[in-house]
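Grab a pencil and work through these exercises with the model open beside you. Try each task before you read its solution.

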Amino acid sequence: MHAALTLTQFILREEALHPQATGEFSSIMLQIALAGKCIARDLSRSGLLDLIGSTGARNVQGEEVQKLDERANQTFIAAFDSSNVVRTLISEEMEKPLTITTAKQPGKYALFFDPLDGSSNIDVNAPLGSIFSIHRLASSGEPVNESDLLKTGAEQVAAGYLLYGPSVSLVYSCGSGVHQFILDPGIGEFLLAAQHVRVPARGSLYSVNEGNYHKWPSGTRRYLDFLKEPDAASGRPYSSRYSGCLVADVHRILLKGGIFLYPAETKKPEGKLRLMYEAAPLSFLLEQAGGRGSTGREPILRIQPKALHQRVPLIIGSREDVRQAEEFIQTA
Ligand code: AHG
Ligand code: MN
Ligand code: MN
């Protein structure tokens with residue numbers, strides 16, 4: 001067995017490499033890890049605790065709020081209660097940003113998050129995730145200006161996700177590679193599993209909700225037809241894998257290569273997924289791992305957001321696969 005390194009040790013070691021580091025970023029990561037452990041605990045007992053099902057309410061996206069969505073949101077909020085590092089929280093489950101007013105001094109960062117990703121998997125004991133994105137605020141004091149929050153994905157300070165599968169993975173990047181940790185539940189610690197993860201330049205699997213095929217523009221349909229055509233030389237047909245949880249599907253692609261699409265639809269050109277706490281953080285991670293994130297027409301990380309909850313088409317994964325998907329989409 002090689003030496004075990006905990007997330008805390010790893011973060012402190014990284015911090016020591018940057019003499020200008022204040023420890024603020026480290027404290028955000030450790031609070032996210034804490035929230036992740038609490039959410040994983042709740043999920044592991046969810047069927048036993050009457051936590052399954054809907055609250056009866058709808059979120060800002062008009063989607064049904066599951067009890068566990070709300071509980072996971074509250075868990076993130078509790079982890080940053082009175083934080084003097086994070087000043088504002090922006091969540092899929094909250095229409096407006098939540099500014100922390102109880103801190104001794106206002107924090108310099110904004111935390112965007114999708115507290116529970118893949119909610120339709122809750123009732124069937126399938127994988128779920130949490131996604132986070134950290135931005136540095138330009139202005140100081142309150143209230144936080146909305147324009148200060150509408151930053152491009154390229155400006156993220158760090159991003160990552162937790163994946164609640166057979167084990168709990170924490171994957172993050174703060175702009176110098178992608179690192180993966182796995183929770184050892186026996187000791188309650190995330191342990192380093194892989195440093196500087198790289199996504200293969202090309203994969204052999206695709207991940208998309210193909211039930212939407214007839215809603216897609218012709219270029220997208222032709223790309224999917226192409227992936228299914230047999231051609232041994234280019235490794236086609238690709239295999240299909242789709243879990244209904246973006247984090248799980250992107251995690252598979254990060255480790256094995258391939259392409260995930262939640263593309264534009266003819267009648268819904270903005271797609272389904274949210275820019276600030278789904279598409280941008282995952283694109284930041286994949287680009288840090290040598291992959292790409294695109295709308296099909298432009299890099300996700302270059303989009304200038306207009307609204308906190310804006311949606312965007314997402315095509316993400318191995319760089320050669322994403323480039324080829326863009327060619328089909330752009331020559332439609
Ligand atoms: P959320 O549960 O946070 O609303 O996200 C669900 C997302 C994502 O996890 C998944 O890739 C996609 O929605 C699934 O949508 P379809 O059911 O339309 O395929
Ligand atoms: Mn989601
Ligand atoms: Mn969600």
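**Exercise 1.** In what order do the strands of the open sheet of 8 strands lie?

*Solution.* Before you start, note that this is a predicted model, where local features need pLDDT of at least 70, side-chain atom pairs count only at pLDDT 80 or more, and totals for chains, interfaces and linings use all residues. Residues are numbered from 1 along each chain as its sequence is written, chains are lettered from A and ligands numbered from 1 in the order in which they are written, and side-chain values use heavy atoms, leaving out hydrogens and water.

Step 1: Know your elements. Helices (H or I, at least four residues) and strands (E, at least two) are DSSP runs, numbered from the N terminus.

Step 2: Read across the sheet. The order is β4-β3-β5-β6-β7-β8-β9-β10, and the pairing is mixed. Two strands pair if DSSP finds at least two bridges between them.

Step 3: Check the edges. β4 (98-99) and β10 (189-194) each have a single partner strand, so one side of each has no neighbour in the sheet.

Step 4: Zoom in on one pair. Strand β3 (residues 86-91) and β4 run antiparallel, joined by 2 bridges, and T88 sits opposite T99 in β4.

**Exercise 2.** Which residues coordinate the manganese ion (ligand 2)?

*Solution.* Step 1: List the donors, meaning N, O and S atoms within 2.8 Å of the metal (3.2 Å for Na, K and Ca); water is not among the atoms, so sites may look incomplete. Here you'll find D114 (OD), D117 (OD) and E278 (OE), at 1.9 to 2.2 Å.

Step 1: Look at the sequence. The spacing of these donors is D-x2-D-x160-E. D117 belongs to strand β5 (residues 109-117) and E278 to helix α7 (residues 275-288), so the pair, 161 residues apart, links distant parts of the chain.

Step 2: Ask about burial (buried is under 20% relative accessible area, exposed over 50%, partly exposed in between, with a 1.4 Å probe and protein chains only). D117 is buried at 5%, and E278 is buried at 1%.

Step 3: D114 bridges the manganese ion (ligand 2) and the manganese ion (ligand 3), which are 3.8 Å apart.
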